[in-house]
Amino acid sequence: MRPEVPVAAIAHQADKLLSPDWAKVVEITPEAEGIATYWLELEDESLRQRYRFAHGQFNMLYIPGYGEAAISISSDPEKPDRIGHTIRFVGNVTRAVSRLKVADQVGLRGPFGTAWPIEQYKGRDVVLSAGGIGLAPLRPVIYEIYNHREDYGKVVILYGARTPKDLLYVNEFPVWEEKDIELMVTVDRADQDWTGQVGVVPMLFYRARFDTNNTVVFSCGPEIMMRFVVFEGLARRIPPEHIYLSLERNMKCGQGMCGHCQMGPFFICKDGPVYCYEELEPYFHLEDL
Amino acid sequence: MPDMKLTLNNEVVIQKSELDALLAAVRQQGYQTVGPVIKHEVLQYGPIEGISDLPQGYTSVQDAGSYRIKNTGHSRYFDITPGARTWKEYIYPPRKRLFTLSKENRHWERVKIEEEIPKYALVGVRPCELQAIGVLDAVLVRKDFTDPDYFARRSRLFILAVDCLHPGDTCFCASMGSGPEAGEGYDLKLTELDDCFLIRIGSDIGLAVMQELNWEPATAFCQQAAQRGLEHAARSMGRHIRDIESVPDAILDNLEHPHWIEVSARCMSCGNCTFVCPTCFCWDAVDEVSVTIKETSRYRVWDSCFNLAYSAQAGGNTRPSTKSRYRQWLSHKFGNWQKQFNVLGCVGCGRCITWCPAGIDVTEEVKVFQEVSS
């Protein structure tokens, strides 16, 4: 019962265990209060040229002395040399990220995880529904649609945030709308200047017009929001195999060996974070799984 | 030495005193010999030189939440069943430095560290523990990812397994199919009879070691004695789980059963069961910064699904209750582990029963779910 992997194949990796590559912060775009996008370039030239990622995958970003955090990639997969991460400063590591300046170093491992299967849905209608920072892992899909708009049917983004000040990528909204991407935005609490919707994201569903026989739904946000997105999607007769969710869990490795991100039989870091709802259905309703 | 050529899977007999020569021959092959030793009134694993270091005459008295060693003065060397420690610490260290970085001009440089990976000969690996190493192999040496540190340590191991003739009071390896006879994966396997050791050769290195020794062909009498001993051991297991094939579904079909609340009222969420478990593999990674802030080292340390921080994330804790954490542990070991790695996560060693301060007995908990689903 000795392990059957050729020694030579991994012997040279013995000191590579969980060891990051180095990237430089090349630009910081403030997005909202306590949220910014960090644009990173891998320092090593050949690594930078080889690096590729798919829509919805994530990297483990490492700040020496603080630790690692799993951060989804929010930039365009067609431009993999500049990797964007939209980060909310909320934990130990991400607060350390908030103190970084341009030209500072960040450790990077990745990309990890499954991707939104957007390219399988060419010619169909697409509904993207996001809550809060959940728009970040969907932005690569928006780039894909934006770059190849003629490949897709009707595209609707249903997006909500706590307050108008918490909305991400607001400068890009007009650019998206110019490309015939319909945008419906809601907030939990309005301020004096807000003239849009107030309420939760799933509520936007009934206003969206799309061909229910020919639509895919991608959703990322708080689990309670996604639960109702699934409910609304199924109510509109979108089959479970055309609903995809991206889940979040505590992650340490990205390779299904630290155990933290388990949910039922899944390691969210390698079997997810993007799941077809059909696959999740037996587990998604279980509390605190 | 008799005029017979030794080959793989041969069974031979050596005098007990010849074990010293056996260990010396193993060291000759470049291994450090580690084995069972009594320390702090508990059985642990540590460096051994020869037969005099072994816990001859000792036995352990174990029950849910209780462990005592007793010297009954018997003559056997490998009779005492394990304590809290596992061989896991030799192949998957509780604390391992991943790397050290030093900062110069806002730039992190990796500090070169020479680390030689030790070659251990594990002496006295019991059948359940041998199976546990096989379970760790399935988790950490996979097609899609292999832990290079584990692999390096694991592939340098020499394993001297021992059949378990006197299982302990919390043992249930016969139910899990991992004992009392040692399965595959050893270099040498030893069965301790009254006046000799019966030895079976499992690998080429094991063969090379045996060629150095004074051995005799095994007689049918010895082989029958070993067989009788193993049959008796299987009958005298302290604990049982019946119909193990039904367990994964019995648990996974009842994830919302009220019994989880009942058991969580007894569970203290201390994590003892996970740290004494020979197959629990979860870890955390932590940074330690030098006082000058110029240097930081990253370590991988064992973690437990019973720790609150284990499932903490920005959006809140995904397993905030003891109920959810105990359910994760039991349903992983006896259910989802099989879905993930095609093997159950439990080998029936009984440590989690013995070392649970609340005396929670997994065999009893599993039974409850079998009953409600039948």
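Modeller: What follows is an account of that sheet, with a short note on a surface patch and on strands of chain B. The model is a predicted one. In chain A, 7 strands form an open sheet with mixed pairing, and their order is E10-E9-E8-E7-E11-E12-E15. The edges are held by strand E10 (197-198) and strand E15 (274-276) of chain A; each has a single partner strand, so one side of each is left without a neighbour in the sheet. A helix also packs on this sheet: H8 of chain A, residues 277-284, touches strand E12 (243-246) and E15, and its direction makes about 90° with that of E15(A). Within the sheet, strand E7 (residues 125-131) of chain A runs parallel to strand E8 (residues 155-161) of chain A, the two being paired over 6 bridges. At one position of this pairing, Val127(A) stands opposite Val156(A) of E8(A).

On the surface, Ile224(A), Phe228(A) and Phe231(A) make up a nonpolar patch, whose accessible area together is about 340 Å². Phe228(A) lies in helix H6 (residues 223-235) of chain A. With a relative accessible area of 43%, Phe228(A) is partly exposed.

In chain B, strand E8 (residues 120-125) is mostly covered, with 6 of its 6 residues buried. Strand E2 (residues 32-39) of chain B runs parallel to E8(B) and is joined to it by 3 bridges. Strand E9 (residues 158-162) of chain B also pairs with E8(B) in the parallel sense, over 4 bridges. Ala121(B) in E8(B) is the bridge partner of Thr33(B), and Phe158(B) in E9(B) is the bridge partner of Ala121(B).

Definitions and conventions. Residues are numbered from 1 along each chain as its sequence is written. Chains are lettered from A and ligands numbered from 1 in the order in which they are written. This is a predicted model: local features need pLDDT of at least 70, side-chain atom pairs count only at pLDDT 80 or more; totals for chains, interfaces and linings use all residues. Side-chain values use heavy atoms; hydrogens and water are left out. Two strands pair if DSSP finds at least two bridges between them. Contact means heavy atoms within 4.5 Å. Axes are lines fitted to C-alpha atoms, for helices over the stretch in contact, and angles run from 0 to 180 degrees between N-to-C directions. Patches are made of residues with over 30% relative accessible area and no salt bridge: like charges are joined within 9 Å, nonpolar side chains (Val, Leu, Ile, Met, Phe, Trp, Tyr) within 5 Å. Accessible areas come from the Shrake-Rupley method with a 1.4 Å probe; for residues, only the protein chains shown count as cover. A salt bridge is a side-chain nitrogen of Lys or Arg within 4 Å of a carboxyl oxygen of Asp or Glu. Buried means under 20% relative accessible area, exposed over 50%, partly exposed in between (1.4 Å probe, protein chains only).
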